[in-house]
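Visitor: I have a few questions about how the labels on this one get decided. Could you bring it up and walk me through them?

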Amino acid sequence: MDSAENPVRFTGIRLSPPKQVAAGIPAVVSSMRHILGEMNAFRGMKALLELNQKDGFDCPGCAWPDPDDERSGIAEYCENGAKAIAEEATTKKLLPAFFAQHSIAELGQLTDYEIGKKGRIAQPMHLAPGATHYTPIAWADAYKIIAGHLHKLSSPDEAVFYTSGRTSNEAAFLYQLMVREYGTNNLPDCSNMCHESSGVALNDAVGIGKGSVTLEDIHEAEVLIILGQNPGTNHPRMLTALQKAKANGATIISVNPLPETGLLNFLNPQTVKGVLNIKTHLTDIFLQVKINGDMALLKALSLLMLQEEERVPGSVFDQEFIAGNTQGYEDYIAHLKTQSLPKLIADSGVAPELIQQAAQALFHKKKIIACWAMGLTQHKNAVDTIREVVNLLLLKGSIGKPGAGTCPVRGHSNVQGDRTMGIYEQPSAALLNKINAVYGFQPPQAHGYDVVHAINAMHRGDAKVFMAMGGNFLSATPDTLYTAEALRNCDLTVHVSTKLNRSHVVHGKEALILPCLGRSDKDIQHGEQQFVTCENSMGVIQMSKGNLQPVSNDMRSEPVIVCELAMTLFGEKSRVPWADYARHYDHIRNDIEKVIPGFDNYNKRVRHPGGFYLPNGARDGRFNTYNGKANFNIADVLTTPLAIDEYMMMTIRSHDQFNTTIYGLDDRYRGVYHERRVIFMHPADIAAAGFHPGDVVDLYNYHGGKERVAYGFIIVSYHIPEKCTATYFPETNVLVPVDSVADKSNTPTSKLVIIKIKSSTIKN
């Protein structure tokens, strides 16, 4: 196997029935086990007590918002937040002796889980051309190597600058500023692979690419529709908000190909009921769609509402809102009337009586919130499906009022903030003009590369330098072997990282690892502790100030790394006050205020406990679209024809995972222990193919006439629709074609990959 792939190494699978309730005491036990496995109890508790507090630091995990008012003094975090802190604040560290002992080839034979568990990188590391081992390098020398490669390029567009969602607002602003001063808009980021479809859809529909609700709106909602999302694993603190909504009388409709434990029942370990094992039942109506059956389901719901509206005019649709705030209603209604309800139901895969029940729950309610995540965004028709979500909300007048609106749930803690700060390959003219006005240089105007375009450019040899501000690019991206070839084509790859990951062992002809501070680390510059800021999923900007002593004195903060690199790259020619920015981060925020809308009095407002909300037109009922209206959208249902031996596969996370970071080998809620190389299949599909649960199979994709193979997966019988399967990423990213992308957003279609399943020669 190529070192780009996770090696096949079975670890002794154990299966149990899926759990029927999420969180509770088992979550507390799991949290403490992970913390104590990485550090002593004092350091662990010191971190956890400041995590997500108003004067503490922001969780490096998900982007779920913190309460505006009082926060728990015991635990304003979830199980996976504790796991994220265990990973970041570990006292294990990788010194030069580790890299001298282990070659790149040896490290490449480790799984992603094994690589991640080695510890924090303690000093800058350099892989010279042709070398087999990383060796330590001084910071100044590392910057000189990067600057030397960048100066040699025939065009700035031969360099690619990637950003992970963990990057702070300050670091993101400086990074895009440095890249644009250098002369390119090649700023791909993790949004390109997750919620890009949401941003495109929402910008066109309601004039802002962010959600329109606050946490209080969740609590006030009458109906919550949760689509393509697994809160119990990916953002468990959302369960507390859903619990409050339920206590206020909300109906929760869950839409997903898999029944997810966290959406069924919840034990809040911070309540007496939770400790006493008295669960809150969350989902009232579970609509188990086929993979990508969401569009058909949404149209079926809207069609049923239309039929009821025509039976009793004015009883279902908000005609006043529609007339005053929307465009395209008549055309959309005409389109709905052409749809066949039986066919929509069949295409969705959901039982007719359940769809009817869900429609009835919507008929006479106006406070409706739709929440979604990657189960909607990573399909070919993702943008149109999200526009269909908005269509439903517009029919009900459910945007721009309390308890109603759109809620794309971002997967990483500052991915939304990075985009706000200008990390975007398609910058607006307004942003570029502001940069010109404030700094006196003309930024490039041409659009740059997104993730998929960047991979292709590196593969062609058109991009020769790759730099990543955080993240694990190789394991996050599609078509693993193709992407690995692209990275290896580069003259230089640079990764600003906290821990070792697979992207460090699949590298360019020369490579650098620059170790940075994490969220939990104290950041002292010139004797004064600094803080950074982050934006959560609901547009709140708040400070984040670490409280732990870094495990090495040879790490640097991301803002300082960018500033020092920029000073090396530009010398005296730059008009940007990089030295001031590195000395104190207030200087960065003062200039963000001049460039980015909504950040007036930034330094003052962000020091207010809890921070401040950014402006949001859709939240206020103002639609900043081309026509000043919220726009309906017309699109057809996309179906996926399958041969008799083909299946649809979606990639998912396990419960012991956040993005590409593997915390452990258990998926507790789904009942899978000690193993990640599994494929969930319907029992009828297993039998029809002549397989048995526990068989080891290989998975094949033939998109574009190219064979892609993921070797060695154990069949697990599961409650999933027929002809649908699920596997964990990044192990099956090798099957996701780089040229299978969402229309309009160019997001890889990781939630619908056509596969064939064959017996494997690899034994369990």
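Visitor: Why is Cys407 called buried?
Guide: Buried means under 20% relative accessible area, with over 50% called exposed and anything in between partly exposed (1.4 Å probe, protein chains only). Cys407 has 3% relative accessibility, so it counts as buried. Bear in mind that this is a predicted model, where local features need pLDDT of at least 70, side-chain atom pairs count only at pLDDT 80 or more, and totals for chains, interfaces and linings use all residues. Residues are numbered from 1 along each chain as its sequence is written, and side-chain values use heavy atoms, leaving out hydrogens and water.

Visitor: What makes Cys490 buried or exposed?
Guide: Its relative accessible area is 0%, so Cys490 is buried.

Visitor: And why is Cys490 too far from the closest cysteine sulfur for a bond?
Guide: A disulfide is a pair of cysteine sulfur atoms within 2.5 Å. The closest sulfur to that of Cys490 belongs to Cys190, 19 Å away, so a bond is ruled out. Cys407 is in none either: its nearest cysteine sulfur, in Cys371, lies 3.9 Å away.

Visitor: What about Ser3, buried or exposed?
Guide: Its relative accessible area is 18%, so Ser3 is buried. Setting aside neighbours within four places in sequence, Ser3 is in contact (heavy atoms within 4.5 Å) with Gly108, Arg488, Arg502, Val505 and Val506.

Visitor: How much of the protein is buried?
Guide: Buried residues account for 66% of the 764.
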